[in-house]
Amino acid sequence: MADISTSFVGLHLQSPIIIGSSGLTRNLDKVKAFANAGAGAVILKSLFEEQIEAEAQSMEQHNDYTEASEYIAHYVRAEEVGRYLEQISHYKRELNIPVIASINCLRADSWVDFATRIQEAGADALEVNIMRLETDLYFDPLASEQNYCDIVKSLRSKLSIPIIVKLSRYHTALPALVDKLRASGANAVTLFNRSYQSDIDLNTEEFRSGDVFTHVGDFTDTLRFTALVSSLVPQVEISSSTGIYTWQEVTKSLLAGASSVQMCTALYKEGPSAISNALVALGMWMDKRGYRSVDEFRARLNGSTPEDVNVFERIQFMKYFGGRGDS
Ligand SMILES: Cc1cc2nc3c(=O)[nH]c(=O)nc-3n(C[C@H](O)[C@H](O)[C@H](O)COP(=O)(O)O)c2cc1C
C-alpha cells in the first residue's frame with residue numbers, strides 16, 4: 001500500500017491535503033470530520049491586520065472614514081483577537097493534525113508583535129496572506145515587493161515557527177519575488193490566494209461581489225506556477241491552492257513540485273468526502289504506478305531548466321494559436 005503521508009515546512013502530515021483558510025475552519029466539528037477524512041493540517045480563518053491594530057489603538061483615527069471605521073469596529077467586536085488565540089490552543093488540544101494560523105496583512109506594522117502570541121498559543125506555523133491593491137499611479141512596483149519582504153523579515157526576527165506566504169498570481173516575476181521572500185526568511189509559499197471578485201448587477205447598475213468560489217479552469221495557473229517556482233526556487237516549499245477539487249489536481253500539483261495542496265471550494269461543496277475520495281484515488285494511482293511514497297514522484301515534472309520551460313511554453317503557444325487561420 002502506498003504511503004500518502006508527507007512533510008511540509010518540517011511538519012508531518014498524514015496526507016498532502018490541507019484544509020485551506022476559510023470560515024469552514026471556524027467550526028471544530030467540521031475540522032475534525034475533515035481530519036478524519038485524511039486532511040493533513042488545517043489553516044485557520046484569517047485574522048486581519050486591521051483587527052489586531054484596531055484592538056491596540058483607538059478607533060478615533062478612522063473617524064474620517066466613517067463607513068470603514070464602523071465596519072472595522074463591528075468586525076473587531078465580532079472577531080475578538082483574544083478569541084483567535086484561544087481557538088489556536090483549543091484546536092491544538094482537540095486535533096491530532098498541525099494547526100496553522102493565518103493573518104491577512106498589508107504592511108509590516110505593529111501587528112507583527114502580535115504574531116508572537118500566535119506562536120505562544122501553540123500554532124505550528126503561520127500563513128500570511130499579503131493582499132495589496134496598489135491604486136497610486138506613481139507607485140513603484142519594487143516598493144511593493146520590498147513591502148512583502150519587510151513583512152517576512154519582521155516576522156522572521158520574532159518567530160521561530162515556519163512562515164508561509166500566501167501570494168496572489170498577479171506578480172510580474174513571481175519566481176524572483178519568491179526568491180526574495182526566501183532570502184527574507186519565508187519557508188514556503190501558497191500559490192495562490194483569491195482576491196475579492198467584483199461584478200456588476202445589470203439591473204441596479206451597481207458593483208457587487210462576484211462568486212467567492214473558484215472554478216475548474218482556475219487550476220491551470222496554479223499548476224503552471226507550482227512547476228515554475230518549484231524548479232527555480234527549490235529551497236522554498238509550495239502549497240498549491242486554487243482549483244484543487246479531486247485527486248487529479250492533487251496528484252498533478254505534487255508532480256509539479258508542491259509539498260502540499262489546499263482545498264477550500266471543494267470542501268464547501270462536497271464536504272469531507274472531497275478529501276477521502278481524493279486520497280483513495282491518489283493511493284490507487286501511486287500503487288498502479290509503483291510509487292511507495294509521495295517523495296518518489298514529487299517534483300518529477302519540474303525538472304526542466306527555466307530556459308526549457310520558456311521554450312516549451314512558447315512552442316506550445318505557437319502550435320496552439322499559430323496554425324489557426326481564423327484568429
Ligand atoms: C468563503 C471563503 C472564505 C475564505 N476566507 C479566507 C481567509 O480568511 N483567508 C485566506 O487566506 N483565504 C480565504 N479564502 C480563500 C481560500 O483559502 C482559497 O485560497 C481560495 O478559495 C482558493 O482555493 P479553492 O479553489 O480550493 O477554493 C476563503 C475562500 C472562501 C470561498
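Analyst: Helix α7 (residues 174-184) packs against α8 at an angle of about 50 degrees, and their axes are 9 Å apart. Axes are lines fitted to C-alpha atoms, for helices over the stretch in contact, and angles run from 0 to 180 degrees between N-to-C directions. Helices are DSSP runs (H or I, at least four residues), numbered from the N terminus. The pair α7 and α8 is therefore oblique. Angles under 35 degrees count as roughly parallel, over 145 as roughly antiparallel, 65 to 115 as roughly perpendicular, and the rest as oblique. From α7, the contact (heavy atoms within 4.5 Å) uses L174, P175 and V178; from α8 come F225, L228, V229 and L232. These residues split into seven nonpolar, no polar and no charged. Here Ala, Val, Leu, Ile, Met, Phe, Trp, Tyr, Cys and Pro count as nonpolar, Asp, Glu, Lys and Arg as charged, and the others, Gly among them, as polar.

This is a predicted model: local features need pLDDT of at least 70, side-chain atom pairs pLDDT 80 or more, while totals for chains, interfaces and linings use all residues. Residues are numbered from 1 along each chain as its sequence is written, and side-chain values use heavy atoms, without hydrogens and water.

Helix α8 (residues 219-232) also meets helix α9 (residues 247-256): their axes come within 8 Å and cross at roughly 20 degrees. So α8 and α9 are roughly parallel. F219, L223, T226, A227 and S230 of α8 touch E249, K252, S253 and A256 of α9. This contact divides into four nonpolar, three polar and two charged residues.

Conventions: Helices (H or I, at least four residues) and strands (E, at least two) are DSSP runs, numbered from the N terminus.
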